[in-house]
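Have the sequence and the 3D view open as you read.

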Amino acid sequence: SEPILQGHPLLRLENAVWSQISLIRPTDAEATTDEAWVSVPWSVSLSAQDATAWLNERLPMWLAHKESLAWPKEIAEVQIDFAEGKAMVGMRIVTGQHDQVVAAVLRPELKENGELWSTADRISLGRLPLPANWALESVRTEAAKRVPEAIMELPETKLIFDAFRGERPLVENAVVRLEDGRRVRLLKIVMRDGRLEITCRTERR
């Protein structure tokens, strides 16, 4: 029910993040012109613990609500951690009586043109490290057997596999557009000590 959701810690986290994105920021007088208003840069951070909890509890709810799709029951658990310059993502896939752990080391990079790349540096199946491109194709083939076709055929799913192979950016233009016409532009992304730190600026053109 709505009152329970309002008190849910992860919903409070979502609201806090959105509040930061929507906040009215001080003006950067040097960068602001007659054509565009620009805020001073501002930063927020997210712990790996909160990111993991959101991926496991809230993302399935978002998927069901936004796309009318069920979260694959084979994906039993997702874990994420942030270290120096990299994100380590793992998931436990349950198939019948067997569990398979798939893990990846991702290295996000924000280009000067605003593209956000996130190439897989290493993939592991269980304890066996494998070449990233070969492993991704293997994971995609196995996933196609167990994950609902509607999810595998989503453009977002295809984008993630292509991005992890380094064939295209994960995000072509790292900008969030707000309902009031402002835009929040990602300027910097840093991962260290179990936290994701992002620096942004708010713009109006």
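A residue counts as buried when its relative accessible area is under 20%, as exposed when it is over 50%, and as partly exposed in between. Keep in mind that this is a predicted model. With that cut-off in hand, look at Glu203: its relative accessibility is 0%, so Glu203 is buried.

Which residues does Glu203 pair with? One partner is Arg185, whose side chain meets that of Glu203 in a salt bridge at 2.9 Å, N to O. This pair ties together distant parts of the chain, since Glu203 lies in strand S10 (residues 195-204) and Arg185 in strand S9, 18 residues apart. Glu203 also forms a salt bridge with Arg201, where the closest N and O atoms are 2.6 Å apart. Through salt bridges that share partners, Arg183, Arg185, Arg201, Glu203 and Arg205 are joined into one network.

Now turn to another member of that network, Arg183, which sits in strand S9 (residues 183-192). Its relative accessible area is 14%, so Arg183 is buried. Setting aside neighbours within four places in sequence, the contacts of Arg183 include Val175, Val176 and Arg177, and also Arg201, Thr202, Glu203 and Arg205.

A further pair is worth a look. The side chains of Arg182 and Asp180 form a salt bridge of 2.8 Å, N to O. Arg182 is buried at 5% relative accessibility, whereas Asp180, at 40%, is partly exposed. In total, the structure holds 12 salt bridges.

How values were computed
Residues are numbered from 1 along each chain as its sequence is written. This is a predicted model: local features need pLDDT of at least 70, side-chain atom pairs count only at pLDDT 80 or more; totals for chains, interfaces and linings use all residues. Side-chain values use heavy atoms; hydrogens and water are left out. Helices (H or I, at least four residues) and strands (E, at least two) are DSSP runs, numbered from the N terminus. Buried means under 20% relative accessible area, exposed over 50%, partly exposed in between (1.4 Å probe, protein chains only). Contact means heavy atoms within 4.5 Å. A salt bridge is a side-chain nitrogen of Lys or Arg within 4 Å of a carboxyl oxygen of Asp or Glu.
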